[in-house]
Amino acid sequence: MAVAVDGLEALIQAAERAGEQDDSWTAFRDFLVRIVDAQLSDAALSPVLSAPTAALPGTAHLLDQLSSLFTRLFESLADMTPLICGIAFSARMHPAIDPQEQAAAGRHYLDVVQHGLRAR
């Protein structure tokens, strides 16, 4: 979807900033919060991020770039992409009244996942 280009570019910038952080856990946490928030605030991102292949050449290049950065940051892209999309989907399905409550639900679900990952 061409409407997702701005959101993908913003996520690429966020991933680049995360890669520059010294604390890998903080980079991980901050980027995951950013990507979940982005999916909840931009309806065009979730279908593009969760699709098995890119539909448009413009998004394909951006998705490849994001995937490369994400893999460098976390080395577990195969597990993280569906997990992040699932968190955004769950928050979107939450019976929240407004977008701020949905965002709070998404961050709560993300916190639960991060605590589990950190315990490993």
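**Notes on aromatic pairs and a helix contact**

1. Searching the whole structure turns up two aromatic pairs (Phe, Tyr or Trp rings, the six-membered one for Trp, with centres within 6.5 Å; planes under 30 degrees apart are stacked, over 60 edge-to-face, the rest tilted). Please keep in mind that this is a predicted model, where local features need pLDDT of at least 70, side-chain atom pairs count only at pLDDT 80 or more, and totals for chains, interfaces and linings use all residues. Numbering starts from 1 along each chain as its sequence is written, and side-chain values use heavy atoms, leaving out hydrogens and water.

2. F28 has a relative accessible area of 9% and is buried (under 20%; exposed is over 50%, partly exposed in between, with a 1.4 Å probe and protein chains only).

3. The rings of F31 and F70 have centres 5.6 Å apart and planes at 55 degrees, so they are tilted too. This pair links distant parts of the chain, 39 residues apart: F31 is in helix α2 and F70 in helix α4 (residues 57-74). F31 is buried at 1% relative accessible area, and F70 is buried at 3%.

4. Now for the helix packing. Helix α1 (residues 5-19) meets helix α2 (residues 24-41) at about 170 degrees, with axes 9 Å apart (lines fitted to C-alpha atoms over the stretch in contact; angles run from 0 to 180 degrees between N-to-C directions). The two are therefore roughly antiparallel (over 145 degrees; under 35 is roughly parallel, 65 to 115 roughly perpendicular, the rest oblique). A10, L11, A14, A15 and A18 of α1 touch A27, F31, R34, I35 and A38 of α2 (contact means heavy atoms within 4.5 Å).

How values were computed: Helices (H or I, at least four residues) and strands (E, at least two) are DSSP runs, numbered from the N terminus.
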